[in-house]
Amino acid sequence: MGALSALDRLVERSRRIGADPALVLYGGGNTSTKLFERDHAGREQRVLRIKGSGRDLATCTARDFPGLRLDELLPLRERDAMSDEEMVDHLGRCLVEPDAPRPSIETLLHAFLPATHVDHVHADAICALANAPDPAAAARDALGEDVAVVPYLRPGFALAKLVADAAAGARAVVLAHHGLVTWGETDEESYGRTRELVDRAARFLGLRPVELEVVPSSRSLLELRGRVSRERRQVLAVDAAQRALAERPDAAEIAAMRSTPDHMLRIGARTNGDGPVFLVPGVGCVAAGPDPRTARMRLELAAHSHATTAATRDRFGGASWLTEQEVDDFVHWPLELYKLTLSPPPPELEGHVAIVTGAASGIGREVAADLAARGANVVTADLAGADVEGDLTDPRTADALVEEAVARYGGLDAVVFCAGVAVTGPLAAVAEEEWRRSVEVNLTSHFLLTKRVWPVLRAQGIGGSLVYVASKNAFAPGAGFGPYSVAKAGLVQLARIAALEGGPIGVRANAVNPDAVFAGSKLWSEEVRRERAAAHGIPVEELEAFYARRSLLGREVTARDVAAAVAFLVSERSRATTGAVIPVDGGVPAAFPR
Ligand code: ZN
């Protein structure tokens, strides 16, 4: 064991660059080292190790650096032109390991520079210079005469040649509207030069490191969340640190610009009413995304883009950016879009926000897990063991639950009402307190929450889905099970009223009627089991088999079966269904919905 290998040092240097958001963000930038490696026959060859396309410098490992045979890359410099397709094809043929990740689009830029180590970053401070009305003059003033500046060109063969030509006799190259290229004969020299130039640029501009202040979303953003969710549901993330930027008279110009094309790829070419990022006066920056991670990523990219643009405008009295044609060429460029195809297709309920009550056990727990597995952002409620803990018969708990969903994700799309309690006893004997408790928990609590989610769904203007988990008992009650059966019958009626009143605002309301779901359920306490077994005249240990036998399908019903019906009702697959009751009881003729 001794010194780190050249590849290990490249990984270490890359991670150091990736760890500083002032240098690169989320897959931006790339690094390389030219070294000697032995091939399968033991022959020594010159290899360029460069970051794979779309790989993240902050978390990279040796596997993220495909190797290319340098002697097969260098002759390309003699050519006059090369198309992107030809270039990608050629790079593929030069790979040392054929199954390695696709090398960076900027591979030839690294290859053509003679230095052993090359770093390329999209640093905020450099981009603030590179987007000045005159990028070359700005870079010269801030960084000195020995830093070359090349005009904007989309990465590829032509840019690689341009940079190689400009680099002769220079210490570094600034790419207009793009970033910085530095190099050195040691890792430290290359990294140190990046650091030095970026720090100088920041001092010249008075640009401080960008810091986010991520805060909860609020009701004032519900309409915005609805607007960005019309095509596909999205969640919001909010940065209060950009409040001052949002108040500037030129906020619209700042929001419309990006500091590098790489930001443009991930947060959109420009900001309009559809987002995905907004500067909102009094709030700061709001970013929308199909999941919290993406929304947060966009929030961070926007923070850097906006701060950089503001710095350029403040220092130079204006800014320059790509032409419409260049924007179009970049955002529709297959080589950049390739990076976005690396992620799997989105799950069905991506971007959806769902509340599930009674989520600590039984059906509620299964429903919450199932919706989450389908990509929904779930906020759970129960007496204990949930995101929001408390008794839902208390209106304050219902209030807190709705606020939690809005604060975390910016809105709400679905509520699944699973909370319930089994209260038994013949009418002549049941305690009045017990009766009231059953109606409070099994019916009134669901009304309280329905009432409170209504204004949220209305403000968003994109509809929503309410799913009430009632019971087979709603249609086929059992003697001695009055307190429960009456409340559940009321719950089906509540669902139908919600469907009637929700239709005009696109809110669907449906019920699911399960029967005899035993596994993991707190509903079936020992007492209730004994009681129901006695009512049916069977031994208590035969209760499950008894319920299974009496159904048409003769099979046990599980919480999973209920969760599948709920998922259908929450999803767009049931967009034309409201006021319906779906039995999940194995088939009980007496309980057929009517
Ligand atoms: Zn770049």
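Trainee: Which residues of helix 3 (residues 84-93) are called buried?

Mentor: In helix 3 they are Asp84, Met87, His90 and Leu91. Buried means under 20% relative accessible area, exposed means over 50%, and partly exposed lies in between, with a 1.4 Å probe and protein chains only. This is a predicted model, where local features need pLDDT of at least 70 and side-chain atom pairs count only at pLDDT 80 or more, while totals for chains, interfaces and linings use all residues. Residues are numbered from 1 along each chain as its sequence is written, and side-chain values use heavy atoms, leaving out hydrogens and water.

Trainee: Which residues of helix 20 (residues 526-536) are buried, and what puts them on the same side?

Mentor: Val528, Arg529, Arg532 and Ala533 are the buried residues. Their arc around the axis is only 130°, so they share one side of helix 20. Glu527, Arg530 and Ala534 are exposed on the face turned away from it.

Trainee: What do the buried residues of helix 20 pack against?

Mentor: They pack against helix 21 (543-550), where a contact means heavy atoms within 4.5 Å. Just after helix 20, Gly537 takes a positive phi of about 65°.

Trainee: How many helices and strands does the protein chain have?

Mentor: The chain has 22 helices and 18 strands.

Trainee: What share of the protein chain counts as buried?

Mentor: Of its 594 residues, 57% count as buried. Among contacts with a separation of 6 or more, 72% join residues 24 or more positions apart.

Trainee: Where do the domain bounds come from?

Mentor: They come from an automatic or database domain assignment, which gives domain 1 (6-205), domain 2 (214-342) and domain 3 (353-591). Taken over C-alpha atoms, the centres of domain 1 and domain 3 are 58 Å apart.

Note on methods:
Helices (H or I, at least four residues) and strands (E, at least two) are DSSP runs, numbered from the N terminus. The arc is that of the directions from the helix axis to the C-beta atoms.
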